[in-house]
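Please keep the sequence and the structure in view while reading.

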Amino acid sequence: MLARAIEETGLPTVTVALIREHAQRVKPPRTLWVPFPFGFALGNPDDPPFQQKVLSAALGLLSENDTPVLAEFTEDADAPPVLLQASAAQADAANRDGDPADEVTALRGYYERWVDEHEGRTMVGLSGVPQRQFRGLVRHLQAFAAGEDATYDRAPEGVEPVRFLRLASDDLKAFFMEARFSQRPDDHDDELQRWFWSETAMGSLIASVASRLAEQGNEQAAWGLAR
Amino acid sequence: MPRLEDLPDLTRQGMLNFPAFDHDDAPCAVMSKPLTEAKIALVTTAGLHLRDDTPFSGGDQTYRVIPSSTPASGIIQSHMSIGFDRTGIMRDVNVTFPIDRLREMAERGEIGSVTENYYSFMGAQRSPRRIEEETGPEVGRLLLEEGADAAFLTPT
């Protein structure tokens, strides 16, 4: 759809598509269908040769002008087809009784190491709250989940409370995942989701925040947090 | 996406039912030079943007500019859906937005160069009329003004 709009201005495009059936209907001018899940358009993270193979296959289509062109990249990548969600992971929950704020403290060193070793790369930062203040953010989420009339003093101006809960929860998830990358470098995909949702008190807290949001009628925000 | 026939029913139906807009044919603009001389642009719908830019919200049909010289550490994602696994992008943004790969291709002479700016939209749009009619064409025109010869588009 976007590709068509750009192509119509006179600029040739080539698109990576994840859902072949949609590409067949929408008909972007040139499409490389890849058999990877959402979030993995070029296959595997930290695998430049694999990414390059996909990228070269796509750019190679730019010389084809009998549009629509739909080519297929058939080599599989590593990510599993379906993401493990909270409800499935928590069905066999083990020990989630800790304090998420203490988990934040325990994971901070790992998180900071991840960021240091990756030239500052991090997906933490949407809420505007520095990670050093995440213990306070946890207290805010706990108060909200407990049904208190919670406000967070340092929320950025103009951000609605429900939106802030969303951004804050996402920052905490990213903090936990990136800490886990350096704590357990060999864990991927389902292992990470299972750990977060079934073994951490933070996973449990975010599921509780989602439940309270749903009770308040914010089903959409709840669905975006944990399902 | 994995072949839909390999997915559980519910997931497969969710994919098939997501609005897609049918067309009978496709527009075609022809690239005027070989890839090795072409200036390539990167455009994504993965909800990425500069760290200090305004996060996208669901259904947001505006775009964000990401200069192609931005280090991977300067990019953050506000497409927070848990419909997909974000850990790949957390590990390496190139898995969706190959900013380093394109730079390397230009250094090796496999493409001519990259545009000064890349562009990013929010994904999972159910009714993207404004992108189709206004912001999408605007990005096309901006890229042509920058001298782009082709654009590479990536999804979430």
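How far apart do the C-alpha centres of domain 1 and domain 2 of chain A lie? They lie 33 Å apart, where domain 1 covers residues 2-72 and domain 2 covers residues 86-225, with bounds that come from an automatic or database domain assignment. The model is predicted, and local features need pLDDT of at least 70, side-chain atom pairs count only at pLDDT 80 or more, while totals for chains, interfaces and linings use all residues. Residues are numbered from 1 along each chain as its sequence is written, and chains are lettered from A and ligands numbered from 1 in the order in which they are written.

**Chain B**
- Chain B has four helices and seven strands, where helices (H or I, at least four residues) and strands (E, at least two) are DSSP runs numbered from the N terminus, and their order along the sequence is α-β-β-β-β-α-α-β-β-α-β.
- The radius of gyration of chain B, taken over C-alpha atoms, is 16 Å, close to the 15 Å that the globule rule (2.2 Å times the number of residues to the power 0.38) gives for 156 residues, so chain B is as compact as a globular protein of that length.
- The C-alpha trace of chain B spans about 45 × 40 × 30 Å along its principal axes.
- Of the contacts in chain B with a separation of 6 or more, 76% join residues 24 or more positions apart, a contact being two residues whose C-beta atoms, placed from the backbone, lie within 7 Å.

**Contact between the chains**
- Chain A and chain B each bring 69 residues to the contact, and elements of chain A that supply at least two residues each include α1 (2-8), α3 (48-60) and α8 (189-199).
- Strand β1 of chain A pairs with β7 (residues 150-154) of chain B in the parallel sense over three bridges, pairing being called when DSSP finds at least two bridges between two strands.
- Within this pairing, A:Thr15 has B:Leu153 as its bridge partner.

- Leaving aside residues up to four places away in sequence, A:Ala58 touches A:Val14, A:Val16, A:Leu32 and B:Phe152.
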